[in-house]
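Keep the sequence and the 3D view open as you read.

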Amino acid sequence: MKIYFLGTGTSQGIPVIGSNHSVCLSSNPKDKRLRVSVWVHSEDFSLVIDCGPDFRQQMLTSGCTAIDAILFTHEHADHTAGMDDIRPFNFKLGPMPIYAHQRVLENLTKRFDYIFATENRYPGAPSVVINEVKNNEDFYIKNQKITPINVFHGDLQVFGYKINDFVYLTDVKTIASEELEKIKKCKVLVINCLREEPHQTHFNLEEALAFIKQVQPEKTYLTHISHLFGFHDEIQQKLPENVYIAYDNLEITI
Ligand SMILES: [Zn+2]
């Protein structure tokens with residue numbers, strides 16, 4: 001199974017438009033971050049988690065040509081705003097199966113009414129097959145089992161996903177102990193880590209490292225990075241063994 005980091009930036013991406021911050025001006029490609037998303041694929045399946053505003057560019061850069069499903073973590077725009085660009089997959093493969101919490105499906109229906117409309121559809125509009133994700137209910141994409149992990153982003157419920165020994169969690173601030181049990185000692189954990197300063201709805205570095213100690217994964221990759229966190233190379237030097245800062249277009253094999 002391969003994990004391709006399509007984007008590793010926080011909601012504005014890096015560089016931030018019009019910013020003179022030194023990280024935004026960095027020439028290191030590892031300091032350029034599109035909005036968070038991963039492509040998880042093997043010989044048997046291909047799925048993308050979240051569909052943010054950079055989705056089109058991410059599909060072109062990664063060379064992803066087929067997707068069996070898109071899994072959503074939550075409804076915020078940095079995770080959903082790219083949905084119009086699923087059309088090339090629709091023309092090639094038919095309606096796109098999407099998986100999300102019922103609340104997120106309702107929200108997407110408002111944001112993208114023309115995608116979810118059942119009458120008077122605009123010819124060529126994106127099309128989806130809706131699948132509700134429920135807490136404590138595993139589901140299958142092709143023959144691949146997916147376990148939803150329930151977490152909180154401030155007051156907002158968010159789903160992370162466990163696929164075999166790989167766990168992808170983004171926009172986490174708190175997690176219940178029974179959910180933590182589901183992911184303990186996984187091989188690879190991806191977890192959001194915004195910056196060193198505390199934030200109301202995201203883990204900062206201290207919180208992310210404390211969380212990693214609890215989960216005890218073999219390896220961890222940090223994502224959903226703000227330009228305020230600093231330069232890729234400098235952050236990496238501060239991290240403990242087996243903790244890495246992810247970067248766009250990094251691909252790992254599990
Ligand atoms: Zn986000």
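Glu-137 sits in the loop that links strand S6 (128–132) to strand S7 (139–141). Helices (H or I, at least four residues) and strands (E, at least two) are DSSP runs, numbered from the N terminus. This is a predicted model: local features need pLDDT of at least 70, side-chain atom pairs count only at pLDDT 80 or more, and totals for chains, interfaces and linings use all residues. Residues are numbered from 1 along each chain as its sequence is written.

A residue is buried if 20 or more other C-beta atoms lie within 10 Å of its own, exposed if 12 or fewer, and partly exposed in between; C-beta atoms are placed from the backbone. Glu-137 is exposed, because 9 other C-beta atoms lie within 10 Å. Its C-alpha atom is 9.7 Å from that of Ile-149, twelve residues apart along the chain.

Now the helices. In H1 (residues 55–62), the buried residues are Phe-55, Gln-58 and Met-59. Seen down the axis, they fall within an arc of 100°, so they line one face of H1. The arc is that of the directions from the helix axis to the C-beta atoms. Strand S1 (2–7) and strand S2 (37–41) are among what covers them.

In H7 (residues 205–215), Ala-208, Phe-211 and Ile-212 are buried. Their arc is only 105° around the axis, so they are on the same side of H7. On the other side, Glu-206, Ala-210, Lys-213 and Gln-214 are exposed.

| Helix | Next residue | Phi |
|---|---|---|
| H1 | Gly-63 | positive, near 75° |
| H7 | Gln-216 | positive, near 55° |

Key. Contact = placed C-beta atoms within 7 Å.
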